[in-house]
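The sequence and structure are shown first.

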Amino acid sequence: MAEYCVETTELTKNYGKLVAVDHVSFKVRNGEIFGFLGPNGAGKTTTIKMLTTLLKPASGSALVLGFDVASEGARIRPRIGVVQQPLSYEMAVNVEENLNLYGFLWGVPKKERVERIELLLDKFGLKDVRKTKPQELSMGQQRRVQVAREFMHDCELMFLDEPTIGLDPQARRVTLDFVREKVENGTTVFFTTHIMEEAEYICDRIAIINKGQILALDTIDTVKRKFGGLSVIHLRVDNSKELINLKLEKLRGVERIVYPQPEDEFLKVYVKNANQVLSQIIDIVTSSGLHVEELEVKEPSLDDVFIQLTNSKEVGPNE
Amino acid sequence: MNSFVRLLYRDLKAGIWSTKSMIAMQLVSPLLYIFVAGFAYSSFISSTTIGGRTVSYVLFLAPGIIVMQIMFAASIAGAMLWIDKRLAMFTQILMGPFSRWQYILSKVVSIMLQGMLNAFLAFLIASPLLAGLSVSPLGLIYIIGSLVLGSLFFGSLTLAISVYVKSNESFNAILNVMLSPLMFLSSVFYNLQNTQIPLVIRDLSLANPLTYATDMLRAGLLKDYTPYLFLEIAVLAIESLSVFVISTIAFRRVKA
């Protein structure tokens with residue numbers, strides 16, 4: 001089995017003069033949850049449409065499960081699953097029949113369909129509305145039907161295009177946990193969202209895309225470190241006036257220090273990597289006879305990174 | 001099971017079966033055409049001569065009304081594509097283990113099946129009139145051929161229209177505007193062999209596939225074997241296949 005489930009090279013798609021996806025290159029490893037993050041209109045859905053063989057790339061190439069999306073779509077589609085961003089369901093049949101019919105479309109045997117329907121209705125909280133037609137449900141319930149439906153069949157790679165839109169926090173958590181469960185059983189997930197909290201909860205690696213270009217690509221911690229600015233160590237001791245004598249600003253890795261003020265009794269140490277400096281600071285403070293009363297490390301959030309990157313006009317690494 | 005068969009089952013289950021109330025409503029029209037209009041017109045058109053035989057006007061009318069059911073059924077079933085697009089099922093299916101070709105074929109075949117189901121129900125409605133008729137094996141071939149080719153033509157036509165038209169409202173408006181001329185410029189209501197029919201109406205009717213499907217069904221039921229029957233069958237077959245090819249080509253261009 002190849003190491004990568006998805007490999008794109010200079011993948012590009014334009015609609016007339018508008019370049020929706022602009023020379024994008026990335027790789028998704030087997031068995032990981034790869035977050036594809038970006039604001040609305042960044043090119044996430046267009047990328048998914050190309051990877052699911054719905055759209056042909058204008059230039060560049062993409063391999064999905066080892067097959068070319070432009071010429072080998074028929075070999076890719078039976079092995080993937082897709083939850084699209086727009087709501088999608090069969091209007092004429094009830095929730096249970098929606099799941100059953102979708103499983104039938106994918107050739108799932110009847111016995112297996114029956115078992116999966118019960119499991120999914122239970123997991124996604126749809127048991128009470130199993131005999132109701134989707135158009136009579138709330139948007140959140142319709143979305144749950146749509147997401148649950150995709151788990152009626154097995155797939156090696158699942159594309160989830162903002163699958164939690166319209167879901168309440170509980171349903172969102174259930175969905176994300178179920179996705180994670182699937183990944184533990186061997187499915188790879190390509191997950192798009194603009195909700196950073198979700199990405200932090202579920203993704204192994206992320207790419208941040210804006211205006212069709214990838215601005216950052218790595219694990220969440222590394223992206224935060226690379227693009228998130230400085231971490232801040234907040235420290236309160238019993239005798240804060242003594243801190244100034246410790247010369248903490250001379251420590252390697254310390255960028256800036258703000259000493260306690262009458263209105264704010266915390267020492268703030270700005271560092272690139274808190275893990276490298278924290279133990280040294282504690283050692284120096286305690287060996288000087290001071291007693292640490294409170295300590296907190298504030299890492300830059302993914303939200304900060306996302307906003308900073310997507311607001312910036314400069315384009316970062318396109319790995 | 002074959003992907004096409006699974007798609008066809010889905011169309012029948014989720015598409016056509018959902019319009020069962022519409023199908024039931026559609027069956028009111030053959031009842032009215034045959035048993036109200038047919039008998040009312042019979043009071044001043046008592047009989048007509050076809051294939052050297054004299055038949056009552058109601059009996060003349062019944063095959064045309066049966067074929068017309070195919071046209072009505074196809075018009076409703078053509079809306080299936082709209083529903084699929086609106087609920088993103090079109091793209092969902094194309095991202096699954098299916099091809100566009102299988103998708104369109106399933107649509108055309110399901111529309112044909114619906115058309116034939118409606119025609120069969122119209123047959124049942126007209127059965128009191130048709131009871132005394134004997135149908136030969138050749139006649140049966142004409143009857144089935146008429147229903148298959150008529151369904152193929154109207155199914156493909158409505159599908160092609162649904163590809164090009166931008167909204168469901170426009171689709172319905174176009175069908176409403178189109179169906180009436182098709183009905184009245186055909187041999188459904190009049191015997192085109194009658195020399196009193198204005199030449200313009202006769203010429204326009206001869207361009208209408210409904211005329212040929214109706215004549216073919218009449219040939220099967222009433223043994224109306226005109227010298228032009230084979231030509232009519234050939235024209236209907238060419239028209240139906242042409243529209244099917246056009247709709248298939250058009251469908252390939254539908255944006256996902």
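In chain A, A:Phe36 stands opposite A:Thr192 of strand 8. This is a predicted model, in which local features need pLDDT of at least 70, side-chain atom pairs count only at pLDDT 80 or more, and totals for chains, interfaces and linings use all residues. Residues are numbered from 1 along each chain as its sequence is written, while chains are lettered from A and ligands numbered from 1 in the order in which they are written.

Strand 3 (residues 33–37) and strand 8 (residues 188–193) of chain A pair in the parallel sense over 5 bridges; strands are DSSP runs of E with at least two residues, helices are runs of H or I with at least four, and both are numbered from the N terminus. Two strands pair if DSSP finds at least two bridges between them. An open sheet of 6 strands in chain A has the order 6-7-8-3-9-10, with mixed pairing. Strand 6 (80–83) and strand 10 (213–219) of chain A are the edge strands, each pairing on one side only. On average, neighbouring strands of this sheet are turned by 15° against each other, direction ignored.

## Helices of chain A

Helix 1 (residues 44–51) of chain A lies across strand 3, strand 7 (157–161), strand 8 and strand 9 (205–210) of chain A, and runs at about 150° to strand 7. Axes are lines fitted to C-alpha atoms, for helices over the stretch in contact, and angles run from 0 to 180 degrees between N-to-C directions.

Helix 3 (residues 95–105) and helix 5 (residues 139–150) of chain A pack at an angle of about 30°, with axes 9 Å apart. Helix 3 of chain A is therefore roughly parallel to helix 5 of chain A (under 35 degrees is roughly parallel, over 145 roughly antiparallel, 65 to 115 roughly perpendicular and the rest oblique). In this contact, A:Val95, A:Asn98, A:Leu99 and A:Tyr102 of helix 3 meet A:Val145, A:Ala148 and A:Arg149 of helix 5; residues are in contact if their C-beta atoms, placed from the backbone, lie within 7 Å. The residues of this contact divide into 5 nonpolar, 1 polar and 1 charged (Ala, Val, Leu, Ile, Met, Phe, Trp, Tyr, Cys and Pro count as nonpolar, Asp, Glu, Lys and Arg as charged, and the others, Gly among them, as polar).

The domain assignment of chain A, from an automatic or database source, gives domain 1 (4–226) and domain 2 (230–299). The C-alpha centres of these domains of chain A lie 44 Å apart.

Chain A also has an open sheet of 4 strands in the order 12-13-11-14, with antiparallel pairing. Strand 12 (254–258) and strand 14 (292–298) of chain A stand at the edges with a single partner strand each, so one side of each is left without a neighbour in the sheet. Strand 11 (residues 231–237) and strand 13 (residues 267–271) of chain A run antiparallel and are joined by 5 bridges. Within chain A, A:Ser231 stands opposite A:Val271 in strand 13.

## Chain B and the interface

The axes of helix 7 (residues 100–130) and helix 8 (residues 137–164) of chain B come within 8 Å and cross at roughly 130°. Helix 7 of chain B is therefore oblique to helix 8 of chain B.

Between the chains, 21 residues of chain A are in contact with 20 residues of chain B. Helix 3 of chain A supplies the largest share of the chain A side, 3 residues. That side divides into 15 nonpolar, 4 polar and 2 charged residues.

Methods:
Two residues are in contact if their C-beta atoms, placed from the backbone, lie within 7 Å.
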